[in-house]
Amino acid sequence: MTLVSVTSEDVKRIAGFLECSSDEVIQRYTSMDLEVTGGRILRQVDGACIFLRENRCTIYEARPKPCRDFPHTEIRERSLGGRMASQCLRASICPIVYNTLERYKRLVGYRPRRDSRRSRPAGPDATRSSQQE
Ligand code: SF4
């Protein structure tokens, strides 16, 4: 499960975008982050962010800072490379993360690593002939 933490500034921005009060945003769209910070996080519905509809962010212009900062390419502790495992988890609930990771893969010419055990010739004859080369 991916947690998107929200600050009071995020809540105000979302409230302005949705034309409701900050209290309403907190009550309807957030829950306590009991595992990490003790602050507020966006709720999830069926394993996805509560603001995700038909693979789109419905509050994109007012999305929280962690979403705005994505993909965290600045070199620091919480940069993209240092959090690749969690980014893969996020990709399963947020199309923005998924599409960005897919775009990066195309940009850098990513190809899945071949399993060297599978590509190695099988059997003693094949081993012998490859040693003679
Ligand atoms: S960008 Fe994704 S995680 Fe962030 S608010 Fe929008 S749908 Fe939710």
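**Close-up views of a predicted model**

**View 1. S31 stands opposite I41, a residue of strand β3.** Welcome to a predicted model, in which local features need pLDDT of at least 70, side-chain atom pairs count only at pLDDT 80 or more, and totals for chains, interfaces and linings use all residues. Residues are numbered from 1 along each chain as its sequence is written. Strand β3 covers residues 40-42 and pairs with β2 in the antiparallel sense over three bridges. Helices (H or I, at least four residues) and strands (E, at least two) are DSSP runs, numbered from the N terminus; two strands pair if DSSP finds at least two bridges between them. The open sheet here has three strands in the order β1-β3-β2, with antiparallel pairing. Its edge strands, β1 (5-6) and β2 (30-32), each pair on one side only.

**View 2. G39 sits in the loop between β2 and β3.** How exposed is G39? It is partly exposed, because 13 other C-beta atoms lie within 10 Å. On this scale a residue is buried with 20 or more other C-beta atoms within 10 Å of its own, exposed with 12 or fewer, and partly exposed in between, the C-beta atoms being placed from the backbone. Leaving aside neighbours within four places in sequence, G39 is in contact with S5 and D33; contact means that the two C-beta atoms, placed from the backbone, lie within 7 Å. T7 is 32 residues from G39 along the chain, yet their C-alpha atoms are separated by 8.0 Å.

**View 3. Helix α1 (residues 8-18) has buried residues D10, V11, R13 and I14.** They lie on the same side of α1 because they cover an arc of only 165° around the axis, the arc being that of the directions from the helix axis to the C-beta atoms. An α-helix has 3.6 residues a turn, so residues three or four places apart point the same way. On the other side of α1, S8 and E9 are exposed. What do the buried residues of α1 pack against? Their partners are β1, α2 (22-29) and α3 (65-69). After α1 comes E19, with a positive phi near 55°.

**View 4. Residues of the protein chain surround the ligand.** Among them are V4, L42, F51, R63 and P64, and a residue is near the ligand if its C-beta atom, placed from the backbone, lies within 6 Å of it. By class, this shell has 11 nonpolar, no polar and one charged residues. Ala, Val, Leu, Ile, Met, Phe, Trp, Tyr, Cys and Pro count as nonpolar, Asp, Glu, Lys and Arg as charged, and the others, Gly among them, as polar.

**View 5. E54 is found in the loop between β6 (52-53) and β7 (56-57), and N55 lies in that loop too.** E54 is not a glycine, yet its phi is positive, near 50°. N55, also not a glycine, has a positive phi of about 65°. E54 counts as exposed because it has 6 C-beta neighbours inside 10 Å; N55 counts as exposed with 11.

**View 6. The protein chain has seven helices and seven strands.** Of its 133 residues, 18% count as buried. The mean pLDDT (the predictor's confidence in each residue, from 0 to 100) is 79, and 74% of the residues reach 70 or more. Over residues 122-133 the pLDDT is below 50, and this stretch has three contacts in the model beyond near neighbours in sequence. Where pLDDT is low, the predicted coordinates should not be read in detail.
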